[in-house]
Amino acid sequence: MGACCSCFDAISGGKHSSQDGSSSTEMTSRNNTSKGSIPPPAHGLSRAMSAPTIRLQGFTVSGSGLALAKIPIEQDAAYWEWHVDLPGLPRHPDDNGDENDDEDRMHSVNMDEDTDNNDDEDDPYALKFGVATRKDRHFYKSLENVEEEGDEASSRDDGTVLMRPIANLRHNDVIGVAVQQSDLPMIQFLLNGEPLPECTINRFRGTVYPAVYIPPGAAEGGDRIDDDEGISLTAEFDEDHFREMSPHARFGPLLAARGIL
């Protein structure tokens, strides 16, 4: 008739259970800890996927080569910005010169090798913006071998095929990048809030990451300058810190989706 001692102890907190009832609590805590041991994804720039010649400090890129963000673009429509820091070359929004000349100077755009433009007209120091597929050390080693052999790497070889060059940038310029993947996949570019339709990229597929390419010696007019004094770019993924508007309300800030853990 009497209840089992072990059952009674469990109910009353006897010798078969912990005095403070922490046994189940500790087990639950361990389970929660194991589930939360993988930190959620966070925005940033990827050292592993960026060129060895690139310098990363927080969200700021300098040096030369290709730099990729950590977070892939998984949503239907995303927008982010690159803020330009170019010492010694201030932007003059109230230039007293001819308005059309200033517009041409501020919006000079060079297309890549797939266009009909002459290669001689391309600015070799124009920065490139857009997206890139995942990169690793093997990719950069292969690219280095191509360059050592004296061959000129194409945009497909150097990882910039889904990027566009934008020349004559000024200090505090803002490059906006808007990517849509549903319906017709497209990459749009904006300079200080103004669309650059001639730079639009239509049709792409696969997993891509926000990316930027800084040519060696990038500077206004093609002047080579020391890396320490050269251009730097700051990636901005926080909507609260955007300086310009996205081209459409559907383009939200890039989301750091957890994906499959």
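Student: Okay, which loop does Asp173 lie in?
Tutor: Keep in mind that this is a predicted model. Look for β7 and then for β8, which covers residues 174–180. Asp173 lies in the loop between β7 and β8.

Student: And is Asp173 buried or exposed?
Tutor: Here you need the cut-off: buried means under 20% relative accessible area. Asp173 has 0% relative accessibility, so it counts as buried.

Student: Which side chain does the side chain of Asp173 make a polar contact with?
Tutor: For this one, we want a pair of N or O atoms within 3.5 Å. The distance here is 3.0 Å, and the partner of Asp173 is the side chain of Asn192.

Student: Let's look at the nonpolar cores. How many residues does the largest one have?
Tutor: Trp80, Trp82 and Phe129 are the ones with the most contacts inside this core. Strand β12, residues 209–214, gives the most to it, with five residues. A second, separate core includes Ala77, Tyr79, Phe242 and Phe251. The largest core, though, has 48 residues.

Student: In β7, what is the bridge partner of Leu127?
Tutor: Start with the strands: β6 (residues 127–132) and β7 run antiparallel, joined by four bridges. Both faces of β7 are covered, with Met163 and Pro165 buried on one side and Arg164 and Ile166 buried on the other. The bridge partner of Leu127 is one of these, Ile166.

Student: Now helix α4. How far does α4 reach from its first C-alpha to its last?
Tutor: This helix runs over residues 137–148, which makes twelve residues. At 1.5 Å a residue, 16 Å is expected, and the model comes close to that. From first C-alpha to last, α4 reaches 16 Å.

Student: Why do the buried residues of α4 line one face of the helix?
Tutor: The buried ones are Phe139, Tyr140 and Leu143. An α-helix has 3.6 residues a turn, so residues three or four places apart point the same way. Seen down the axis of α4, the buried residues line one face because they fall within an arc of 90°.

Student: Last one: which residue caps the N-terminal end of α4?
Tutor: Check the backbone nitrogen of His138. A side-chain oxygen lies 3.2 Å from that nitrogen, and the capping residue it belongs to is Asp136.

Conventions: Residues are numbered from 1 along each chain as its sequence is written. This is a predicted model: local features need pLDDT of at least 70, side-chain atom pairs count only at pLDDT 80 or more; totals for chains, interfaces and linings use all residues. Side-chain values use heavy atoms; hydrogens and water are left out. A nonpolar core is a set of buried Ala, Val, Leu, Ile, Met, Phe, Trp, Tyr and Cys residues joined through side-chain atoms within 4.5 Å. Buried means under 20% relative accessible area, exposed over 50%, partly exposed in between (1.4 Å probe, protein chains only). Helices (H or I, at least four residues) and strands (E, at least two) are DSSP runs, numbered from the N terminus. The expected span of a helix is 1.5 Å times one less than its number of residues. The arc is that of the directions from the helix axis to the C-beta atoms. A polar contact is a pair of N or O atoms within 3.5 Å; within protein, one must be able to donate a hydrogen and the other to accept it, and residues adjacent in sequence count only if both atoms are side-chain atoms. Two strands pair if DSSP finds at least two bridges between them.
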